[in-house]
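Dear colleague,

I am passing on the structure we spoke about, and you will find the sequence and the model directly below. My notes on what was found in it follow after that.

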Amino acid sequence: MKLEKGQPGYIKARKLRYLMLAVAEFAIVAAVFILGYMQTGSRMNLFTVAAAVGCLPATKMLVEFITMAPYKSIDPEKYKELEEKAGLLTRAYDLIITSTEKVMSVEAVVISGHVVCGFTSNPKTDETILARYIKTTLKNQRYDKMTVKIFHDYQAFLARVEGMGNIAAVQKPDKRRDQAVRKILYSISM
(Lines give C-alpha, C1' and ligand atoms only; values in the text may rest on other atoms or scores of the structure.)
Protein backbone atom coordinates (compact mmCIF):
# COMPACT_ATOMS: atom_id res chain seq x y z
CA MET A 1 0.00 0.00 0.00
CA LYS A 2 1.41 3.37 -1.02
CA LEU A 3 1.37 5.98 1.72
CA GLU A 4 0.20 9.40 0.63
CA LYS A 5 1.41 12.70 1.99
CA GLY A 6 -0.27 13.43 5.31
CA GLN A 7 -0.64 9.80 6.40
CA PRO A 8 1.21 8.38 9.41
CA GLY A 9 4.40 6.57 8.41
CA TYR A 10 4.86 8.72 5.29
CA ILE A 11 8.29 10.04 6.28
CA LYS A 12 9.64 6.59 7.10
CA ALA A 13 8.35 5.11 3.84
CA ARG A 14 9.65 8.04 1.79
CA LYS A 15 13.11 7.86 3.35
CA LEU A 16 13.32 4.15 2.57
CA ARG A 17 12.19 4.75 -1.01
CA TYR A 18 14.71 7.55 -1.62
CA LEU A 19 17.53 5.47 -0.14
CA MET A 20 16.71 2.43 -2.30
CA LEU A 21 16.42 4.55 -5.45
CA ALA A 22 19.72 6.34 -4.75
CA VAL A 23 21.57 3.06 -4.19
CA ALA A 24 20.06 1.49 -7.32
CA GLU A 25 20.83 4.51 -9.49
CA PHE A 26 24.43 4.77 -8.26
CA ALA A 27 24.84 1.02 -8.89
CA ILE A 28 23.66 1.50 -12.48
CA VAL A 29 26.07 4.44 -12.91
CA ALA A 30 28.95 2.34 -11.59
CA ALA A 31 28.00 -0.57 -13.86
CA VAL A 32 27.90 1.68 -16.95
CA PHE A 33 31.29 3.18 -16.09
CA ILE A 34 32.88 -0.22 -15.42
CA LEU A 35 31.41 -1.67 -18.62
CA GLY A 36 32.86 1.18 -20.67
CA TYR A 37 36.25 0.86 -19.02
CA MET A 38 36.36 -2.91 -19.54
CA GLN A 39 35.43 -2.60 -23.22
CA THR A 40 37.79 0.23 -24.15
CA GLY A 41 40.54 -0.03 -21.55
CA SER A 42 40.24 3.70 -20.93
CA ARG A 43 37.88 6.02 -19.17
CA MET A 44 37.79 8.29 -22.20
CA ASN A 45 34.63 6.93 -23.86
CA LEU A 46 30.89 7.58 -24.22
CA PHE A 47 30.08 5.22 -21.37
CA THR A 48 31.88 7.59 -19.01
CA VAL A 49 29.77 10.47 -20.30
CA ALA A 50 26.61 8.42 -19.84
CA ALA A 51 27.70 7.50 -16.31
CA ALA A 52 28.41 11.15 -15.47
CA VAL A 53 24.99 12.22 -16.74
CA GLY A 54 23.41 9.33 -14.83
CA CYS A 55 24.83 10.76 -11.61
CA LEU A 56 22.38 13.67 -11.77
CA PRO A 57 19.16 11.77 -10.93
CA ALA A 58 21.05 9.54 -8.49
CA THR A 59 22.36 12.60 -6.68
CA LYS A 60 18.88 14.13 -6.60
CA MET A 61 17.54 11.02 -4.82
CA LEU A 62 20.45 11.10 -2.38
CA VAL A 63 19.81 14.78 -1.58
CA GLU A 64 16.11 14.02 -0.97
CA PHE A 65 17.11 11.23 1.41
CA ILE A 66 19.63 13.43 3.26
CA THR A 67 17.03 16.19 3.61
CA MET A 68 14.47 13.81 5.15
CA ALA A 69 16.93 11.73 7.21
CA PRO A 70 16.82 13.75 10.46
CA TYR A 71 13.01 13.64 10.70
CA LYS A 72 10.82 10.84 11.96
CA SER A 73 7.24 9.69 11.59
CA ILE A 74 4.66 10.12 14.33
CA ASP A 75 4.70 7.54 17.11
CA PRO A 76 1.91 4.97 16.51
CA GLU A 77 0.57 5.40 20.05
CA LYS A 78 0.25 9.16 19.59
CA TYR A 79 -1.42 8.57 16.24
CA LYS A 80 -4.06 6.28 17.79
CA GLU A 81 -4.68 8.73 20.61
CA LEU A 82 -5.12 11.63 18.19
CA GLU A 83 -7.47 9.63 15.97
CA GLU A 84 -9.68 8.99 18.99
CA LYS A 85 -9.67 12.58 20.28
CA ALA A 86 -9.85 14.40 16.93
CA GLY A 87 -12.44 12.34 15.08
CA LEU A 88 -14.45 15.38 13.94
CA LEU A 89 -11.41 17.43 12.93
CA THR A 90 -9.34 17.42 9.74
CA ARG A 91 -5.97 15.84 10.42
CA ALA A 92 -2.60 15.47 8.68
CA TYR A 93 0.50 13.62 9.81
CA ASP A 94 4.21 13.46 8.97
CA LEU A 95 4.70 16.78 7.21
CA ILE A 96 8.08 18.31 6.48
CA ILE A 97 7.42 21.99 5.78
CA THR A 98 9.96 23.59 3.48
CA SER A 99 10.28 27.36 3.64
CA THR A 100 12.91 29.49 1.96
CA GLU A 101 14.74 29.76 5.28
CA LYS A 102 14.39 26.36 6.96
CA VAL A 103 13.12 22.81 6.70
CA MET A 104 10.87 22.01 9.67
CA SER A 105 8.95 18.89 10.63
CA VAL A 106 5.44 18.64 12.02
CA GLU A 107 4.33 15.23 13.23
CA ALA A 108 0.63 16.06 13.45
CA VAL A 109 -1.62 18.92 12.33
CA VAL A 110 -5.26 19.40 13.28
CA ILE A 111 -7.49 21.86 11.38
CA SER A 112 -10.90 23.16 12.35
CA GLY A 113 -12.44 26.40 11.11
CA HIS A 114 -9.98 29.24 11.54
CA VAL A 115 -7.60 27.25 13.77
CA VAL A 116 -4.56 25.20 12.75
CA CYS A 117 -2.64 23.42 15.51
CA GLY A 118 0.47 21.33 15.05
CA PHE A 119 2.75 19.14 17.14
CA THR A 120 6.46 18.61 16.65
CA SER A 121 8.86 16.73 18.90
CA ASN A 122 11.89 17.99 16.99
CA PRO A 123 13.72 20.50 19.22
CA LYS A 124 15.27 22.18 16.15
CA THR A 125 11.86 23.25 14.85
CA ASP A 126 11.20 26.84 15.85
CA GLU A 127 7.52 27.09 16.76
CA THR A 128 7.13 30.79 16.00
CA ILE A 129 8.90 30.71 12.64
CA LEU A 130 6.88 27.70 11.52
CA ALA A 131 3.58 29.15 12.71
CA ARG A 132 4.34 32.49 11.02
CA TYR A 133 5.27 30.76 7.76
CA ILE A 134 2.08 28.67 7.71
CA LYS A 135 -0.04 31.71 8.57
CA THR A 136 1.60 33.79 5.81
CA THR A 137 1.11 30.99 3.29
CA LEU A 138 -2.55 30.67 4.21
CA LYS A 139 -3.00 34.44 4.02
CA ASN A 140 -1.44 34.46 0.54
CA GLN A 141 -4.06 31.88 -0.46
CA ARG A 142 -6.84 34.16 0.85
CA TYR A 143 -7.39 32.38 4.15
CA ASP A 144 -7.25 35.43 6.39
CA LYS A 145 -7.73 35.55 10.15
CA MET A 146 -6.30 32.07 10.73
CA THR A 147 -4.86 31.15 14.10
CA VAL A 148 -1.79 28.91 13.82
CA LYS A 149 -0.17 27.39 16.89
CA ILE A 150 2.66 24.84 16.97
CA PHE A 151 3.37 22.88 20.16
CA HIS A 152 6.49 21.07 21.39
CA ASP A 153 4.60 19.80 24.44
CA TYR A 154 2.41 16.87 23.43
CA GLN A 155 0.07 17.13 26.43
CA ALA A 156 -0.64 20.82 25.72
CA PHE A 157 -1.28 19.95 22.06
CA LEU A 158 -3.61 17.12 23.06
CA ALA A 159 -5.55 19.42 25.40
CA ARG A 160 -5.96 21.93 22.55
CA VAL A 161 -7.13 19.15 20.20
CA GLU A 162 -9.72 18.02 22.75
CA GLY A 163 -10.98 21.59 23.04
CA MET A 164 -11.18 21.94 19.27
CA GLY A 165 -13.02 18.61 19.11
CA ASN A 166 -15.58 19.79 21.66
CA ILE A 167 -16.17 22.99 19.70
CA ALA A 168 -16.48 21.02 16.45
CA ALA A 169 -19.08 18.75 18.04
CA VAL A 170 -21.26 21.80 18.70
CA GLN A 171 -20.53 24.00 15.67
CA LYS A 172 -20.06 21.42 12.84
CA PRO A 173 -16.97 22.70 10.98
CA ASP A 174 -16.87 23.38 7.22
CA LYS A 175 -15.04 20.25 6.01
CA ARG A 176 -14.41 21.61 2.51
CA ARG A 177 -12.61 24.65 3.91
CA ASP A 178 -10.58 22.52 6.31
CA GLN A 179 -9.58 20.12 3.53
CA ALA A 180 -8.55 23.07 1.34
CA VAL A 181 -6.31 24.31 4.16
CA ARG A 182 -4.85 20.80 4.47
CA LYS A 183 -4.08 20.78 0.72
CA ILE A 184 -2.23 24.08 1.11
CA LEU A 185 -0.16 22.53 3.89
CA TYR A 186 0.60 19.57 1.62
CA SER A 187 1.75 21.96 -1.09
CA ILE A 188 4.43 23.49 1.17
CA SER A 189 5.70 20.16 2.47
CA MET A 190 7.97 17.49 1.01
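Among the contacts in the chain with a separation of 6 or more, 68% are between residues 24 or more positions apart. Please keep in mind while reading that this is a predicted model.

Of the 190 residues, 36% count as buried.

The secondary structure comes to six helices and four strands, and these elements, taken from the N terminus on, follow the order α-α-α-β-β-β-α-β-α-α.

Helix H3, which covers residues 76-85, packs against helix H5, residues 154-171, at an angle of about 20°, and the two axes lie 10 Å apart. Because angles under 35 degrees count as roughly parallel, H3 is described as roughly parallel to H5, and H3 passes H5 in a right-handed crossing.

On the H3 side of this contact are Lys-78, Glu-81, Leu-82 and Lys-85, which meet Tyr-154, Phe-157, Leu-158, Val-161 and Glu-162 of H5.

Notes:
Residues numbered from 1 in each chain as written. Predicted model: local features only at pLDDT ≥ 70, side-chain atom pairs only at ≥ 80, totals over all residues. Heavy atoms only, no water. Axes fitted to C-alpha atoms, helices over the stretch in contact; angles between N-to-C directions. Helix = DSSP H or I, 4+ residues; strand = E, 2+ residues; numbered from the N terminus. Parallel < 35°, antiparallel > 145°, perpendicular 65-115°, else oblique. Left-handed = near helix turned anticlockwise from the far one by under 90°. Contact = heavy atoms within 4.5 Å. Buried < 20%, exposed > 50% of the residue type's maximum accessible area, 1.4 Å probe, protein only.
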